[in-house]
Amino acid sequence: MPSPGDPYDVAVLGAGPAGLAAAVTAAEQGLTVALLDAAQQPGGQYYRHPAPAARATRPDALHHDWRVFAGLRERLDAAEGVTRLYGHHVWSMTREAPGSPWSLHALTGEGDDDDASAPGTGTTVQARAMLLATGSHERHLPFPGWTLPGVVSAGGAQAMLKSGLALPGTRVVVAGSGPLLLAAATSLAAAGADVPEVIEASGYLGYARHPAALAANPGKLTEAARHGAALLRHRVRPRTRSAVTEAHGADRVEAVTVSRLGRDWRPVPGSERRVACDALAVGHGLVPRTELATTLGCATRRAADGTYALELGPLQETSLRGLWAAGETSGVGGAQAALVEGELAALAITARLTGRRPAPARRLRALRRRRDHLRAFADAMAAAHAPGPGWTRWLGDDTEVCRCEEVTAARVREAVADYGARDPRSVKLLTRAGMGWCQGRVCGTAVACLAAAAPDATPAPPDRRLLATPVPLGTLASLTPADPPPAAPDDPSEGHPS
Amino acid sequence: MGQADRTTPADLVGATDATHFFTFDGRRVAARPGQSIAAALWTAGILAWRETRGAARPRGAFCGIGQCHDCLATVNGRPNRRACLVTARPGDEVTTQKGHGHAEPR
Ligand SMILES: Cc1cc2nc3c(=O)[nH]c(=O)nc-3n(C[C@H](O)[C@H](O)[C@H](O)COP(=O)(O)OP(=O)(O)OC[C@H]3O[C@@H](n4cnc5c(N)ncnc54)[C@H](O)[C@@H]3O)c2cc1C
Ligand code: FES
């Protein structure tokens with residue numbers, strides 16, 4: 001641990017697969033590490049598990065590579081020099097000038113308090129190098145009825161099951177797009193839910209267009225086969241090129257309409273059928289959580305599925321010197337890629353801070369090769385599951401696009417057609433869509449698609465946001481003058497030399 | 001397979017059988033140690049615990065990870081608590097949050 005007042009060598013933000021691998025590696029290389037996460041325990045999304053109080057004797061039952069996590073946790077416990085700061089929700093990352101230490105401003109506690117009048121408990125952590133391993137959040141495409149209770153996000157169902165040991169219903173349809181659907185369907189079925197169908201908007205044939213990416217990642221084929229076998233065992237029927245285009249029910253979901261999809265995800269008229277269920281788990285892929293970096297002007301790249309990830313150098317460094325990224329912040333690629341990138345980034349940071357050569361060249365080369373293979377697979381996956389622009393045809397006029405502010409598709413379309421809005425920001429000003437509690441995380445993709453004048457126009461790059469999480473005003477006010485205020489959203493400089 | 005002999009998530013991971021109780025709109029709800037309020041409500045078959053500010057429509061947990069804020073509930077008199085993040089404690093009084101959750105408009 002650094003002496004009080006001294007910055008840590010490195011702050012790792014996020015204790016998922018990427019952050020854990022990085023923190024353990026950096027500590028084993030002799031660095032002092034602050035490992036921060038909003039959650040109360042490590043694991044991130046992939047290794048999410050029940051709280052210790054649940055005294056689960058078989059936490060591995062919902063995980064097929066629990067041993068990897070258990071191994072990382074043991075190394076973390078054995079490592080000297082890692083300060084674990086769980087329950088720390090970081091809302092801003094700043095530095096006074098390039099080369100000076102990073103400051104991470106965090107809210108502590110359960111981090112669930114949105115009451116702006118409540119006294120906030122804020123703290124600041126400083127570090128010479130910074131690794132952003134904040135993962136992703138889910139992408140959503142609205143459809144009529146998606147705000148009914150019982151309609152939940154696919155990753156949310158997975159998270160509530162893995163940590164809360166809870167199911168949203170007894171008969172759960174899983175729908176949307178992307179590999180997360182298969183993971184969610186198999187774990188929901190294993191935990192006792194009846195999962196009649198898993199409904200994928202794309203086909204899986206898209207992967208076949210990338211034979212090299214497949215051949216270089218035999219593990220991914222095994223993973224697919226394992227999911228396939230589990231679906232068969234639980235009698236879950238996979239349907240491709242189909243989507244849930246409506247959820248029905250009065251006060252909770254009772255059935256869904258499934259439509260076949262034609263070109264560009266356009267629903268095929270006349271193909272509708274009704275499937276009874278008491279819950280629907282739905283999601284359309286993942287979006288990297290990069291706002292802490294993009295606010296500082298960090299460069300991004302557009303992935304094949306239309307999401308924006310941080311643009312990185314060969315050793316995981318972002319366009320801002322001293323800021324590295326690993327895991328889904330560098331592109332949605334799954335837990336294996338996150339583990340490899342976390343380790344690689346930690347070795348690169350060690351080399352920069354100590355001036356030593358990082359580790360045997362062989363280890364570095366092997367990690368880079370594995371990272372490149374997994375990234376190639378991730379790119380193939382992103383291309384295979386990219387939403388087709390025809391999805392907007394399943395929106396009704398009164399479908400709520402923004403769940404927080406209850407803004408309908410008709411109002412967003414009106415802002416676009418009659419008031420000339422062409423980007424999410426103008427739609428927000430005209431309709432309040434994206435202005436609510438979730439800060440546009442849930443409706444962002446949908447609003448961007450509707451705002452793009454032509455249905456196939458490129459969605460606008462990610463919004464720069466001032467704060468990565470809602471912050472009680474008291475906490476902002478209590479920042480001492482020594483804490484530089486967060487950079488303004490449109491300020492290209494990195495923090496204020498106050 | 002009948003309802004009674006369905007596997008449950010808690011069986012699957014071998015979690016403790018211990019439970020405690022809190023109330024939701026006056027009704028007794030069981031929770032396992034460490035479970036969030038949202039997870040305990042789901043297990044009790046309750047999916048909605050908020051009415052929206054505009055159309056007073058029912059909502060409950062959606063993202064499950066603290067991002068969407070759909071799951072806001074009033075806990076022990078304090079509104080706007082994300083039920084998916086707050087651990088249920090014995091004797092908690094959870095009530096449906098109506099609108100912004102404050103008695104007076106702000
Ligand atoms: C809801 C959800 C469920 C998922 N479930 C699965 C699954 O079951 N199987 C699967 O293969 N893949 C799943 N994924 C995909 C999964 O994200 C990746 O495979 C893997 O977890 C990525 O690892 P990571 O380390 O990059 O990020 P993550 O595992 O997401 O870890 C990021 C961590 O950063 C923390 N964090 C983020 N922002 C902040 C902040 N501002 N302050 C403090 N802490 C912060 C988060 O709390 C989190 O613990 C899921 C994704 C989501 C969004
Ligand atoms: S369910 Fe989304 S914040 Fe709780």
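Predicted model: local features only at pLDDT ≥ 70, side-chain atom pairs only at ≥ 80, totals over all residues.
Local features need pLDDT of at least 70 and side-chain atom pairs pLDDT 80 or more, while totals for chains, interfaces and linings use all residues. Residues are numbered from 1 along each chain as its sequence is written, chains are lettered from A in the order in which they are written, and side-chain values use heavy atoms, without hydrogens and water.

**Exercise 1.** Find what share of chain A is buried.

*Solution.* Begin with the cut-off: buried means under 20% relative accessible area, with a 1.4 Å probe and protein chains only. Chain A has 498 residues, and 58% of them are buried.

**Exercise 2.** Describe how the rings of Tyr47(A) and Phe69(A) are paired.

*Solution.* Rings of Phe, Tyr and Trp (its six-membered ring) pair if their centres lie within 6.5 Å; planes under 30 degrees apart are stacked, over 60 edge-to-face, and the rest tilted. The whole structure holds 5 aromatic pairs over all chains. In this one, the centres are 5.0 Å apart and the planes 20° apart, so the pair counts as stacked. Finally, widen the view: Tyr46(A), Tyr47(A), Trp66(A) and Phe69(A) form one aromatic cluster.

**Exercise 3.** Work out which arginine lies over the face of Trp146(A).

*Solution.* For Arg, the test is CZ within 6 Å of the ring centre and within 35 degrees of the ring normal. Arg403(A) is the residue over Trp146(A), at 4.7 Å from the ring centre. In chain B, Arg28(B) lies over the face of Phe21(B), at 3.7 Å.

Technical notes
Buried < 20%, exposed > 50% of the residue type's maximum accessible area, 1.4 Å probe, protein only.
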